[in-house]
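Please open the structure in a viewer and keep the selection panel at hand.

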Amino acid sequence: MSLPSTLLCTCLLLGAACAWAEPGKPTLDLECDYLPNICNLPDDANPGLMIEIGSEAIRRAGFVPNVKIRPWVRAMREVLASPTALIIYFARTPEREPLFNWIVVTNTTDFRFFTRNGAEPCNSLQQAISRGLIGIRAGSSVRSWLIQQGVSAASLAEGQLPEMAKMLNAGRVGSFLGASITFNQTYQAQHGKLPTEGAVVYSSQSWLASGPAFSPATATRLAKAINEMKQDGFYEQAMRKYMH
């Protein structure tokens, strides 16, 4: 065997031995819908608040995060079917309750009604109803809350955030029910101005959750990591970065 061939074989064998001796850490999928400032796309400058928090928790638990930005319906379906997937910034609604394992609360989100720039604020559900169609983001947990409050599905317009921002500015919906951290940026990017914010009308806890096949031991490690991050300053640092 020639010297180059011998060296090549030696390198390959050493590489295989190193790979066997130091196997890579297992991967956990971290899934979320695209929500600017919360869960950003891979080519954005920052990953987003919840992606940073979820990824750090996964690393502290001894795993490698693999971020997947998916529409809610697809993300939920994938997480339910996988033993190694998680979903973050996820509301614990009655219809979701029996399907998922609820690992730990990640944050609380305040929801308010937005009106177009320059319009009067909308500070209550009653005011929103009087203004006509209520816009909501497709897949949002606020739909369940509105239905529970007696709002009919026919009174709602559902779509992605960019579509909702256009409809609100054009007057095609009287108000939009959402969160400042996600809706303000979308509206301002389109129209150069911020929408008018009303008072907080509803608050919801967001969770890190998994499907039924996910390891309970791993879930415990993740919950411990999140709680430690709330104590050691990681959460505060991340919040300051995104909630300016």
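What covers the buried residues of helix 9? The cover includes helix 2 (49–60), strand 4 (101–115) and helix 8 (216–231). Helices (H or I, at least four residues) and strands (E, at least two) are DSSP runs, numbered from the N terminus.

This is a predicted model, in which local features need pLDDT of at least 70 and side-chain atom pairs count only at pLDDT 80 or more, while totals for chains, interfaces and linings use all residues. Residues are numbered from 1 along each chain as its sequence is written, and side-chain values use heavy atoms, with hydrogens and water left out.

Select residues 234–242, which form helix 9; F234, Y235, A238 and Y242 are buried there (under 20% relative accessible area, with exposed meaning over 50% and partly exposed in between; 1.4 Å probe, protein chains only). These four lie on the same side of helix 9, because they cover an arc of only 95 degrees around the axis (taken from the directions from the helix axis to the C-beta atoms). Turn to the face directed away from this buried side to find the exposed E236, Q237 and R240.

Helix 2 contributes L49, E52, I53, E56 and R60, and helix 9 contributes F234, Y235, A238, M239, K241 and Y242 (contact: heavy atoms within 4.5 Å).

Finally, select T182 in helix 7 (residues 180–191). T182 is buried, at a relative accessible area of 6%. Beyond neighbours within four places in sequence, T182 is in contact with L35, P36, I38 and L161.
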